[in-house]
Amino acid sequence: MHLHRAQAERQRVRRRDRRGRGLRGPLAPPEIPIARTRAQVFDDLVLDAVERLERVWARELANVEFLVEDVPQVPPGVTADDGIPFSRLESARAGQARIIVYRRPVEIRTKDPEEMALLVYDTVVEEVANLLGLEPETVDPET
């Protein structure tokens, strides 16, 4: 009988806080994130830039893969004075290509979210222009 009462006591514990209010509900619905990481925000900026360009260049960008990496692979002996790239274009056979945007160099170079969004967009436009053999102003006249 004593064992049964101890189990009942454990089940009642923590159903109410010390002021008798009970458990509080979640701060936000589970499908809505409370906070987004810097990496998630950056991924969204790249996705927005790509979607904006695909409105005009959908056929040309159909076989292009866009990726985000934290930092570029820098060969030994290269320093920050030599310049750290914001992105890289990798062309492959059969019309496949990859455009990689590097998050940390862009974040370090910008001061606020608006400036970062502009730099990400300009970087994606520049790599798409390189891929298509065009000037960035031709890819997006607003740049």
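Predicted model: local features only at pLDDT ≥ 70, side-chain atom pairs only at ≥ 80, totals over all residues.
Two strands count as paired here if DSSP finds at least two bridges between them.

β2 and strand β3, residues 97–102, are joined by 5 bridges, and the two run antiparallel.

Now the whole arrangement. The sheet is open and has 3 strands, in the order β1-β3-β2, with mixed pairing. β1 and β2 are at the edges with a single partner strand each, so each has one side left without a neighbour in the sheet. From one strand to the next, the twist averages 20°.

On to the helices. Helix α2, which covers residues 38–57, lies across β1 and β3, and runs at about 155° to β1. Helix α4, residues 113–132, also packs on the sheet, where it touches β1, β2 and β3. The direction of α4 makes about 25° with that of β2.

Last, the surface. Which residues form the nonpolar patch there? They are Val74, Val78 and Ile84, and together they have about 190 Å² of accessible area. To place one of them, Val74 lies in the loop between β1, residues 64–69, and β2, residues 87–91. Val74 has a relative accessible area of 36%, so it is classed as partly exposed; that class sits between the cut-offs of under 20% for buried and over 50% for exposed.

That's the set. I'll take questions.

Terms used: Residues numbered from 1 in each chain as written. Heavy atoms only, no water. Patch = residues over 30% accessible without salt bridge, like charges linked within 9 Å, V, L, I, M, F, W, Y side chains within 5 Å. Areas by Shrake-Rupley, 256 points an atom, 1.4 Å probe, with all protein chains shown as cover. Salt bridge = Lys/Arg side-chain N within 4 Å of Asp/Glu carboxyl O. Helix = DSSP H or I, 4+ residues; strand = E, 2+ residues; numbered from the N terminus. Buried < 20%, exposed > 50% of the residue type's maximum accessible area, 1.4 Å probe, protein only. Axes fitted to C-alpha atoms, helices over the stretch in contact; angles between N-to-C directions. Contact = heavy atoms within 4.5 Å.
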